[in-house]
Amino acid sequence: MVPVLLSLSLSHLSLWAFGLVSVLVFLKLIRLLLRRQMLARAMDRFSGPPTHWLFGHALEVNPKAPDLYDFFLQWIGKGLLVLQGPKWFQHRKLLTPGFHYDVLKPYVAVFAESAHVMLDKWEKKAREQKSFDIFCDVGHMALDSLMKCTFGKGTSGLNDRDSNYYLAVSELTLLMQQRIDSFQYHNDFIYFLTPHGRRFLRACQVAHDHTDQVIRERKAALQNKKEREKIQSKRHLDFLDILLGVRDEEGIKLSDEDLRAEVNTFMFAGHDTTTSAISWVLYCMSLYPEHQRRCREEIQEILGDRDSLKWDDLAEMTYLTMCIKESFRLYPPVPQVYRQLSKPVDFVDGRSLPAGSLISLHIYALHRNNTVWPDPEVFDPLRFSPENVAGRHSFAFIPFSAGPRNCIGQQFAMNEVKVVIALCLLRFEFAPDPSRLPIQMPQLVLRSKNGIHLHLKPLSPGSEK
């Protein structure tokens with residue numbers, strides 16, 4: 001009798017549990033539908049394509065955006081790129097001194113050193129007198145610079161562990177993009193069963209182990225007075241040195257987990273974006289030889305009899321800076337960013353968006369909007385002359401995003417682009433390959449589906465001055 005009663009009790013419990021779960025699922029569904037209705041009503045006041053009864057405009061926009069947060073966490077952790085609220089504010093405040101101009105000054109020589117390695121490689125390729133894809137070489141150069149600025153090392157001074165990290169970051173960048181582009185890889189369970197997923201996990205482990213070990217070694221060295229003095233007397237403090245030294249008002253330092261996340265964020269955010277920026281600027285220079293020539297003449301005049309760039313030279317590159325900005329307008333390195341509203345936003349015309357709305361800021365479209373930019377497809381560096389900038393809204397041009405969450409490393413990036421482009425123009429004349437014009441491919445960064453193929457003509461030594 002007891003087993004029968006027990007069996008009945010278990011069946012009743014199962015029914016009750018099933019009923020409770022069903023009610024909770026139903027209530028959750030009702031809540032989601034009500035929220036969808038509220039968002040749909042808010043969106044009705046904005047013009048756009050017809051909406052689907054269930055998906056709204058989700059089928060019209062990039063479906064990958066909501067997945068990006070989780071993808072980033074698996075590699076870089078909770079750094080500035082994905083943090084929110086008070087912790088984001090704390091990290092932003094702690095990291096800002098790392099991008100002060102006194103810290104950035106010595107990096108000019110670092111950028112130049114990495115650029116010269118790339119340019120020497122291009123000298124050999126240029127002798128073949130045919131076009132070649134510059135994107136990969138620029139990517140290696142940008143990663144080399146970042147290794148030097150982050151850890152104080154470049155490819156010329158890498159041990160086996162460092163070299164493995166260098167290769168892991170390159171692979172992670174590629175695998176991340178492949179995952180975003182492949183819908184079947186968006187599910188973690190499926191992705192990590194595939195060869196790509198297993199490669200991603202191995203590369204993550206290599207990157208995390210390297211960063212953790214460097215942090216441990218550097219922290220141990222700082223406990224030794226001689227080693228501490230040696231680090232402080234270095235030619236320049238690297239990014240990790242600065243992160244290890246920062247404290248908030250209460251004297252609290254970044255944890256090891258936070259340090260790793262911010263180092264990974266710096267490596268990720270500063271690698272592909274800079275590669276894209278430099279590659280598209282060189283493409284623009286190749287398309288417009290008159291602007292290329294004028295930039296070269298400006299650099300030669302600034303250098304005079306010198307053969308190396310100094311920090312103060314960067315501020316004098318006024319025409320080159322205008323050309324770089326016009327390239328960024330037409331080919332923004334990050335073509336689109338996303339924000340989720342933490343509170344409702346009311347527009348001046350009476351329309352509003354509720355909290356929780358996922359907003360896409362389409363930088364590429366904004367930069368080619370003819371109500372903001374007359375003749376938007378025309379390459380005109382004078383758009384960025386002081387008088388023209390003064391008459392334009394400050395948010396009309398946002399290659400580094402805008403507002404409090406703008407790119408913290410934008411000055412670092414601009415300095416690197418200026419140094420590299422200047423040195424490139426002193427060594428070569430650039431021309432496009434009409435048979436292999438780039439096909440733009442907006443991803444995490446603006447790439448080209450078929451690479452960026454340019455013809456390079458080495459300049460004679462006399463023409464460099």
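View 1. Helix α5 (residues 107-126) lies across β1, β6 and β9, running at about 60° to β6. The angle is taken between axes, which are lines fitted to C-alpha atoms (for helices over the stretch in contact), with values running from 0 to 180 degrees between N-to-C directions. Helices (H or I, at least four residues) and strands (E, at least two) are DSSP runs, numbered from the N terminus. A word on the model itself: it is predicted, with local features needing pLDDT of at least 70 and side-chain atom pairs counting only at pLDDT 80 or more, while totals for chains, interfaces and linings use all residues. Residues are numbered from 1 along each chain as its sequence is written, and side-chain values use heavy atoms, leaving out hydrogens and water.

**View 2. The open sheet β1-β9-β6.** Three strands make up this open sheet, with antiparallel pairing. Two strands pair if DSSP finds at least two bridges between them. The edges are β1 (132-133) and β6 (428-432), each of which pairs on one side only. Between β1 and β9 (residues 453-458) there are two bridges, in the antiparallel sense. Look for F132, which stands opposite L454 in β9.

View 3. F266 and F412 form an edge-to-face aromatic pair, at 5.4 Å centre to centre and with 65° between the planes. Rings of Phe, Tyr and Trp (its six-membered ring) pair if their centres lie within 6.5 Å; planes under 30 degrees apart count as stacked, over 60 as edge-to-face and the rest as tilted. Because F266 lies in helix α12 (residues 256-287) and F412 in helix α18 (residues 410-427), the pair ties together parts that are 146 residues apart in sequence. Both residues are buried: F266 has 11% relative accessibility, and F412 has a relative accessible area of 4%. Buried means under 20% relative accessible area, exposed over 50%, and partly exposed in between (1.4 Å probe, protein chains only). In the whole structure, the search finds 25 aromatic pairs.

**View 4. Two arginines over aromatic faces.** R294 lies over the face of Y319, at 3.9 Å from the ring centre. R179 takes up such a place over F192, at 5.5 Å from the ring centre. A charge sits over a ring if NZ of Lys or CZ of Arg is within 6 Å of the ring centre and within 35 degrees of the ring normal.

**View 5. The surroundings of M141.** M141 lies in helix α6 (residues 135-151) and is buried, with a relative accessible area of 3%. Leaving aside residues up to four places away in sequence, M141 touches S114, A115, M118, I278, E416 and V420. M141 and T275 are 134 residues apart in sequence, yet 8.3 Å apart in space, C-alpha to C-alpha.

**View 6. The surroundings of M176.** In helix α7 (residues 160-181) you will find M176, buried with a relative accessible area of 1%. M176 touches F71, F72, W75 and L444, not counting residues up to four places away in sequence. For M176 and W75, a sequence separation of 101 residues goes with 9.1 Å in space, C-alpha to C-alpha.

Key: Contact means heavy atoms within 4.5 Å.
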